[in-house]
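Here's a friendly walk through one structure.

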Amino acid sequence: MSRNQQLFEQSQSLIPGGVNSPVRAFGSVGGTPVFFKRGLGSRLWDEDGKEYIDYVGSWGPMILGHAQPDVIAAVQSTAANSLSFGAPTALELEMAQLITELVPSMEQVRLVSSGTEATMSAIRLARGFTSRSKILKFEGCYHGHADSLLVKAGSGALTFGQPSSAGVPPELAAHTLTLPYNDVPALEQLFSQVGNEIACVILEPVAGNMNLVKPTPEFLAALRTLCTQSGTLLIFDEVMTGFRVALGGAQQLFNIRPDLTTLGKVIGGGLPVGAFGGRADVMSSLAPLGPVYQAGTLSGNPVAVAAGLATLRQLQRPGFHTELAARTQQLTDGLTQAASEAGIAFSAQHVGGMFGIYFSQACPASFAEVMQADKQAFNRFFHAMLEEGVYLAPSAFEAGFVSIAHSDTDIAQTIAATRKAFSRLHA
Ligand code: PMP
């Protein structure tokens, strides 16, 4: 038995499902999850010493690759001065200055420790500010695991066929309205009926938790107009897209100014940091200034913030995002080319440094279309790639991530592995 298998068996008796976050368990693709020991740049090594090219990047944060020297140095030097104070630090101010400069719609910002905390707090703030209870989200979008947001959710909730979670009181879930992504007529109809009862609309401005689905320009424009007309706050959940699809996030790429934005992943460079922020008049409703309570013992943790700052500074290098997007396109072009050579129904697309691969003829534009892709083909492809030393997200419902550390050689090796994997799909 391999060490991976041994570790998984032992873990299952002590940790529910053997994992600390559901998708890690390979429930959707089957088989034994990989236990990782080490990462460097684009590469990972598991407990059995097998090497992989990594396209998960810890689900987004590792945009510079693993163990990036400047980030590690920042963590080490900050840690030497204590791991936590539970009091304000100059580092947090520096982070707030950088975020508000890079994402101008965020006039004020508060740091938290995860994406879930960021979205949960933004929703509470929106409800407190507007004195309304209803919120609107979109099918297949995942915004973390707060009660109000686990309704028709993507990611692990989708992977396991439980778009709504047990343990969420129906009375609370009733306040969460859901609509299909990219459906402008449905949006217009809902707003004409109850627009002035909706506290906020939250969306992934590029959906990355039902595989990858791009927003249409009409959808984003309609959202902005309808929210403004009915006094509803528009929340861009940029936990995944922030600093990844462009330096200023999806809102910069699509030129839409949300009222509130949530951040996570890249902002901590691999340590637990999240953030929410936006209009100063809205943010001043937060305690200690206003009536909306929100807090955190480790919020703004110095070591985590130092890792995030060291990461964000590198992203400011001119050309960083162009290079990252070009590298990602090299990957998606290579994959589609290999698929067409092999005669496999397959499509792929990317937005900046995030990508989607689909076992369907065309890229999907909605949750319903994502569900039509061939999930069995994905699962077989996933395992064939894993064997070839390419680590993809272990689910057909997750976006993939490329880091700036991925080289031409990495991409070429990945495409060579894909050719082999595709030939096995035929076998
Ligand atoms: N929002 C989005 C768009 C996400 O992708 C995620 C996590 N994948 C979250 C929120 C929740 O973040 P966390 O896992 O850090 O709580």
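Is Asn182 buried or exposed? Asn182 is buried, because 21 other C-beta atoms lie within 10 Å. Here, buried means 20 or more other C-beta atoms within 10 Å of a residue's own, exposed means 12 or fewer, and partly exposed is in between, with C-beta atoms placed from the backbone.

A quick note on what you're looking at: this is a predicted model, where local features need pLDDT of at least 70, side-chain atom pairs count only at pLDDT 80 or more, and totals for chains, interfaces and linings use all residues. Residues are numbered from 1 along each chain as its sequence is written.

Now for the backbone. Most residues other than glycine have a negative phi, and most peptide bonds are trans.

Helices (H or I, at least four residues) and strands (E, at least two) are DSSP runs, numbered from the N terminus. Ala67 counts as partly exposed because it has 15 other C-beta atoms within 10 Å. There's a cis peptide bond too, from Ala287 to Pro288, with omega near 10 degrees. Pro288 sits in the loop between helix H10 (280-283) and helix H11 (302-315).

And the ligand? It's surrounded by 16 residues, and the closest are Ser114, Gly115, Thr116, Gly144 and Val239. A residue counts as near if its C-beta atom, placed from the backbone, lies within 6 Å of the molecule. Helix H4 (residues 115-130) gives the largest share of that shell, three residues.
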